[in-house]
Amino acid sequence: MTDETTDTQVPPIPTYLLDPRPVVILGTLAWTLALLAHMLMTDVDMRTVVLCAVGIGVGALGSLVYALQRRAVLRGSAGAQQGLDFDTV
């Protein structure tokens, strides 16, 4: 028996799956809709309102960090996170 090694190439991940912006935007939008739904109710536990507000805040903070890192990558900063310039030509 011979041991065959196959050199299979793993296909690259499509760029639309690498972009985190739609996920972050949809997540923040979902927390915003949940907050609005809880605020329209008459008998609301404030813990759920605070939880929704924190979810919106985390989404906004994540968007800010991503935008700053992406700006640093496009600017060519040496300390910038790698891999955020996937859609540049």
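Predicted model: local features only at pLDDT ≥ 70, side-chain atom pairs only at ≥ 80, totals over all residues.
R21 forms a salt bridge with D19, in which the closest N and O atoms are 2.9 Å apart. Side chains of opposite charge can pair when their charged atoms come close. The side chains of D19 and R21 are also joined by a polar contact of 2.9 Å. D19 lies in the loop between α1 (15–18) and α2. With a relative accessibility of 17%, D19 counts as buried, because buried means under 20% relative accessible area. R21, at 30% relative accessibility, counts as partly exposed.

The structure holds two salt bridges. Besides the pair of R21 and D19, the side chains of R47 and D45 meet in a salt bridge, at 2.9 Å from N to O. Here R47 counts as exposed because its relative accessibility is 65%, while D45 reaches 36% and therefore counts as partly exposed.

The overall architecture can be described next. The secondary structure of the protein consists of three helices and zero strands, and from the N terminus on the elements run α-α-α. Of the 89 residues of the protein, 16% count as buried. The accessible surface comes to about 7,400 Å², and 66% of this area belongs to carbon and sulfur atoms. Among contacts between residues at least 6 apart in sequence, 41% join residues at least 24 apart.

Helix α2 comprises residues 21–40 and includes L26. Is L26 buried or exposed? L26 counts as exposed, because its relative accessibility is 56%. Together with L29, L33, L36 and M39, L26 forms a nonpolar patch on the surface, and these residues have about 520 Å² of accessible area together. An α-helix has 3.6 residues a turn, so residues three or four places apart point the same way.

T28 is also found in helix α2. In contrast to L26, which is exposed at 56%, T28 is buried, since its relative accessible area is 18%. A polar atom of the T28 side chain lies 2.9 Å from the backbone oxygen of V24. Which residues does T28 touch, not counting residues up to four places away in sequence? They are I56, G59 and A60.

The buried residues of α3 are V49, C52, G55, G59, Y66, R70, A72 and V73. Against which helix do the buried residues of α3 pack? They pack against α2. G59 is one of the buried residues of α3, and G59 is also among the residues that T28 touches. After α3 comes G76, whose phi is positive, near 90°.

The nonpolar patch on the surface contains L26, L29, L33, L36 and M39, with L26 lying in α2, whereas the buried residues of α3 pack against α2.

Notes: Residues numbered from 1 in each chain as written. Heavy atoms only, no water. Patch = residues over 30% accessible without salt bridge, like charges linked within 9 Å, V, L, I, M, F, W, Y side chains within 5 Å. Areas by Shrake-Rupley, 256 points an atom, 1.4 Å probe, with all protein chains shown as cover. Salt bridge = Lys/Arg side-chain N within 4 Å of Asp/Glu carboxyl O. Helix = DSSP H or I, 4+ residues; strand = E, 2+ residues; numbered from the N terminus. Buried < 20%, exposed > 50% of the residue type's maximum accessible area, 1.4 Å probe, protein only. Contact = heavy atoms within 4.5 Å. Polar contact = N/O pair within 3.5 Å; in protein donor to acceptor, adjacent residues only side chain to side chain.
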